[in-house]
Amino acid sequence: MATWPIIPPRRINYSEYAPQVSHPVIALSPDILQNHSGKEAIMKNRKYPRLKHHNYRANGAYFITLVCYRRAPLFGQFIAAELCLTLLGDYVIKTWRALPQRDSSITLDAFVLMPNHLHGIIWLNESAQRTLLNIVNWFKAEITRETGIKVWQRSFYDRVIRDERELLAFRKYIENNPKQWEWDRLYVNG
């Protein structure tokens, strides 16, 4: 495997997209899951999304996307170009940021929480005992356990970041995602 210069993780000022102190909290409607059919029902014959021969415990960076069940906007909504979080959205951010405390082999890079999905870059170091799948499953299970509702679609999207160019492109994609919400393929008018 070719080596490439490791760029230290860069923290994006997330408060630009979801202020942690002064944001209004939106209450979730109990019927929100019934109002969003999404595409999950259509995707019964999906392919297994992981690379067959890649060691997902290997040192490196991974871009991931986690999507809400039926693409429901459980985490908040954009009001005047600002993401106003639900209590669930706030909890997702706190749980995401706590991942490195749970497992010291994890370093978080750029991430963004959108109304119905999360994009993030996770770095695993040499001492990783868990696979990327184990880490993501723990994160998703923690949110589901705490809320008591089905929050996530099964599985998740991942991309092994192979070089500096890809890393910078994913960081830029994450940074620009809130600005392009209405054109996002996961967009729901909520």
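Q: Helices (H or I, at least four residues) and strands (E, at least two) are DSSP runs, numbered from the N terminus; in what order do the elements of the protein chain run from that end?
A: From the N terminus on, the elements run β-β-β-α-α-β-β-α-β-α, and the protein chain has 4 helices and 6 strands. This is a predicted model, in which local features need pLDDT of at least 70 and side-chain atom pairs count only at pLDDT 80 or more, while totals for chains, interfaces and linings use all residues. Residues are numbered from 1 along each chain as its sequence is written, and side-chain values use heavy atoms, with hydrogens and water left out.

Q: Why is Val67 called buried?
A: A residue is buried under 20% relative accessible area, exposed over 50%, and partly exposed in between (1.4 Å probe, protein chains only). Val67 has a relative accessible area of 14%, so it counts as buried. Val67 lies in strand β1 and, apart from residues up to four places away in sequence, touches Asn116, His117, Val151, Trp152, Gln153 and Leu186, where contact means heavy atoms within 4.5 Å.

Q: Why does Thr131 count as buried?
A: Its relative accessibility is 18%, and therefore Thr131 counts as buried. Thr131 sits in the loop between β5 and α3.

Q: What makes the pair of Thr131 and Asn134 a polar contact?
A: A polar contact is a pair of N or O atoms within 3.5 Å; within protein, one must be able to donate a hydrogen and the other to accept it, and residues adjacent in sequence count only if both atoms are side-chain atoms. The side chains of Thr131 and Asn134 make such a contact at 2.9 Å.

Q: What makes a group of residues a nonpolar core, and which residues have the most contacts inside the largest one?
A: A nonpolar core is a set of buried Ala, Val, Leu, Ile, Met, Phe, Trp, Tyr and Cys residues joined through side-chain atoms within 4.5 Å. The largest such core has 32 residues, and those with the most contacts inside it are Phe75, Val92, Trp96, Ile122 and Phe139. Two or more residues come from each of β1 (60-67), β3 (82-85), α1 (87-97), β4 (106-113), β5 (117-124) and α3 (132-147), with the largest share, 6 residues, coming from α3. A second, separate core of 11 residues includes Phe63, Met114, Ile121 and Ile174.

Q: What makes β2 and β3 paired strands?
A: Two strands pair if DSSP finds at least two bridges between them. Strand β2 (residues 76-79) and β3 have 4 bridges in the antiparallel sense, so they meet the definition of at least two. One of the bridge partners is Leu85 in β3, which faces Gly76 in this pairing.

Q: Why are β4 and β6 said to stand at the edges?
A: The open sheet has 4 strands in the order β4-β5-β1-β6, with antiparallel pairing. β4 and β6 each have a single partner strand, so one side of each is left without a neighbour in the sheet. From one strand to the next, the twist averages 15°, where axes are lines fitted to C-alpha atoms, for helices over the stretch in contact, and angles run from 0 to 180 degrees between N-to-C directions. β1 and β6 run antiparallel and are joined by 5 bridges, and the bridge partner of Ala61 in β6 is Ile161. Helix α1 packs on the sheet, touching β1, β4 and β5, and its direction makes about 160° with that of β4.
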